[in-house]
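The following paragraphs lead the reader through a single structure. Please consult the sequence and the coordinates alongside the text.

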Amino acid sequence: MIDQIPQETTPPLTKPEFKSRLARSMVLALLTFTVIPISIMGLVGFLRARNLLQDQVSLQIHSIVDGQADTFDQSMNTKEIRLARIGRRPGFQEAAENLIRND
């Protein structure tokens with residue numbers, strides 16, 4: 001006789017299905033681990049750039065003001081020298097004396 005061996009029934013292999021909660025939590029975790037560091041780096045970069053620009057602007061304004069002050073001082077010195085030269089001319093002195101006498 002033929003011996004019949006009972007065949008074991010095996011369930012068909014199926015792919016494991018993840019619940020939507022697991023997928024959602026993985027996406028949130030990945031976003032958290034990527035978005036937060038990138039945001040922090042962006043904020044730090046922005047603050048550093050802003051401080052550097054403010055420093056550069058203040059240095060440029062300071063150098064422009066110094067340059068303008070030097071130009072003004074040179075102009076005033078030139079005018080004082082010219083006035084002193086004009087005041088020492090004999091024709092100017094005579095004209096000034098005539099003006100003073102006519103009053």
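How many salt bridges does the structure hold? In this predicted model, there is one salt bridge. Its partners are E97 and R101, whose side chains meet at 3.3 Å, N to O. This separation falls within the 4 Å cut-off that defines such a contact. Both E97 and R101 belong to helix α2, which covers residues 90-102. The two residues are four positions apart in that helix, about one turn.

How accessible are these two partners? E97 has a relative accessibility of 41% and therefore counts as partly exposed, because that category lies between under 20% for buried and over 50% for exposed. R101, with a relative accessible area of 60%, is exposed.

Attention may now turn to helix α1, which spans residues 20-88 and contains R88. R88 has a relative accessible area of 59% and is therefore exposed. On the surface, R88 gathers with K79, R82 and R85 in a patch of positive charge.

The unreviewed UniProt entry annotates residues 26-47 as a "transmembrane region". In the model, residues 26-47 are 100% helix and 0% strand. The end C-alpha atoms of this span are separated by 32 Å.

Definitions and conventions
Residues numbered from 1 in each chain as written. Predicted model: local features only at pLDDT ≥ 70, side-chain atom pairs only at ≥ 80, totals over all residues. Heavy atoms only, no water. UniProt positions renumbered as here; feature names shortened; annotations may be inferred. Patch = residues over 30% accessible without salt bridge, like charges linked within 9 Å, V, L, I, M, F, W, Y side chains within 5 Å. Areas by Shrake-Rupley, 256 points an atom, 1.4 Å probe, with all protein chains shown as cover. Lys, Arg positive; Asp, Glu negative; His and termini not counted. Charge placed at Lys NZ, Arg CZ, Asp CG, Glu CD. Buried < 20%, exposed > 50% of the residue type's maximum accessible area, 1.4 Å probe, protein only.
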